[in-house]
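Please check each point against the coordinates as you go.

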Amino acid sequence: MPLDSQQLLERFNAKMTPTGILFGTKVLEVDQPAGRVRMSFQIDERFCNPRGTVQGGIVGALLDDASAFAGIVALGEPGFIASMEIKTSFLSAAMPGTLYAEGRCLKMGRSSCFLEADLTDSEGLLIAKLSSSAIPIRSDKKPKLVDTRS
């Protein structure tokens with residue numbers, strides 16, 4: 001039996017990927033029927049370029065995480081999401097602080113899925129958008145996650 005939205009939210013926040021811990025990730029909302037997640041990240045100067053803005057690869061990583069989480073939610077069974085292609089459009093510079101992402105699964109198929117994500121700052125300014133095609137991997141293999149409960 002698939003987990004409901006609240007169970008997924010609790011599970012995502014109880015155990016996190018190593019990069020999720022690095023980025024101070026928190027899953028704020030899960031909408032399982034819609035295949036949608038909302039997340040926050042605590043980004044500091046370690047992730048900035050010499051200009052003082054968040055490096056583009058970090059922005060891409062945040063969006064990749066949000067879209068993958070949405071894919072996992074939409075999968076509806078144990079498994080993983082493996083990106084095949086990612087396109088990131090940068091619309092504004094990201095500054096250190098709290099950033100927010102919404103990831104959405106547009107379509108889940110047997111052998112491929114289509115995902116997207118938006119990244120905004122705390123004022124709601126759209127920073128970047130990602131679109132992705134990926135492979136849903138159905139698997140009972142346990143993911144390598146770090147327990148965040150202290």
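1. On a 1 Å grid over the protein atoms alone, a pocket is an open set of points where a 1.4 Å probe fits, with protein on both sides within 12 Å along at least five of seven lines, and lining residues have an atom within 4 Å of a point. Grid points are joined across faces, edges and corners, and a volume is the space filled by probe spheres set on the points. On these terms about 980 Å³ of space lies in the largest pocket.

2. This is a predicted model, in which local features need pLDDT of at least 70 and side-chain atom pairs count only at pLDDT 80 or more, while totals for chains, interfaces and linings use all residues. Residues are numbered from 1 along each chain as its sequence is written, and side-chain values use heavy atoms, with hydrogens and water left out.

3. The lining of the largest pocket consists of 31 residues, and Arg11, Phe12, Ile72, Gly79 and Pro143 are those nearest its centre. Two or more lining residues come from each of helix H1 (5-14), strand E1 (15-16), helix H3 (56-75) and strand E4 (79-90), where helices (H or I, at least four residues) and strands (E, at least two) are DSSP runs numbered from the N terminus. H3 gives the largest share of this lining, six residues. By type, the lining has 16 nonpolar, six polar and nine charged residues, with Ala, Val, Leu, Ile, Met, Phe, Trp, Tyr, Cys and Pro counted as nonpolar, Asp, Glu, Lys and Arg as charged, and the others, Gly among them, as polar.

4. Which residues of the largest nonpolar core touch the most other members? They are Val30, Phe41, Ile43, Leu62 and Leu119, in a core of 30 residues; such a core is a set of buried Ala, Val, Leu, Ile, Met, Phe, Trp, Tyr and Cys residues joined through side-chain atoms within 4.5 Å. At least two residues of this core are supplied by each of H1, strand E2 (26-31), E3, H3, E5, E6 and E7, and H3 gives the most, with eight. Apart from this core lies another, of six residues, among them Ala68, Ile81, Cys105 and Ala134.

5. Leaving aside residues up to four places away in sequence, Val30 touches Ser5, Leu8, Leu9, Phe12, Arg36, Val37 and Val73, contact meaning heavy atoms within 4.5 Å.

6. The whole structure holds eight salt bridges, each defined as a side-chain nitrogen of Lys or Arg within 4 Å of a carboxyl oxygen of Asp or Glu. In one of them Arg36 meets Glu102 at 3.4 Å, N to O. Because Arg36 lies in strand E3 (residues 36-43) and Glu102 in strand E5 (residues 97-108), this pair ties together parts that are 66 residues apart in sequence. Arg36 is buried at 17% relative accessibility and Glu102 partly exposed at 23%, where buried means under 20% relative accessible area, exposed over 50% and partly exposed in between (1.4 Å probe, protein chains only).

7. Glu102 also forms a salt bridge with Arg104 (2.8 Å, N to O), and Arg104 is buried at 14%. Between Lys129 and Asp118 the closest N and O atoms of the salt bridge are 2.7 Å apart. Glu29, Arg36, Glu102, Arg104, Glu116, Asp118 and Lys129 are linked in a network of salt bridges.
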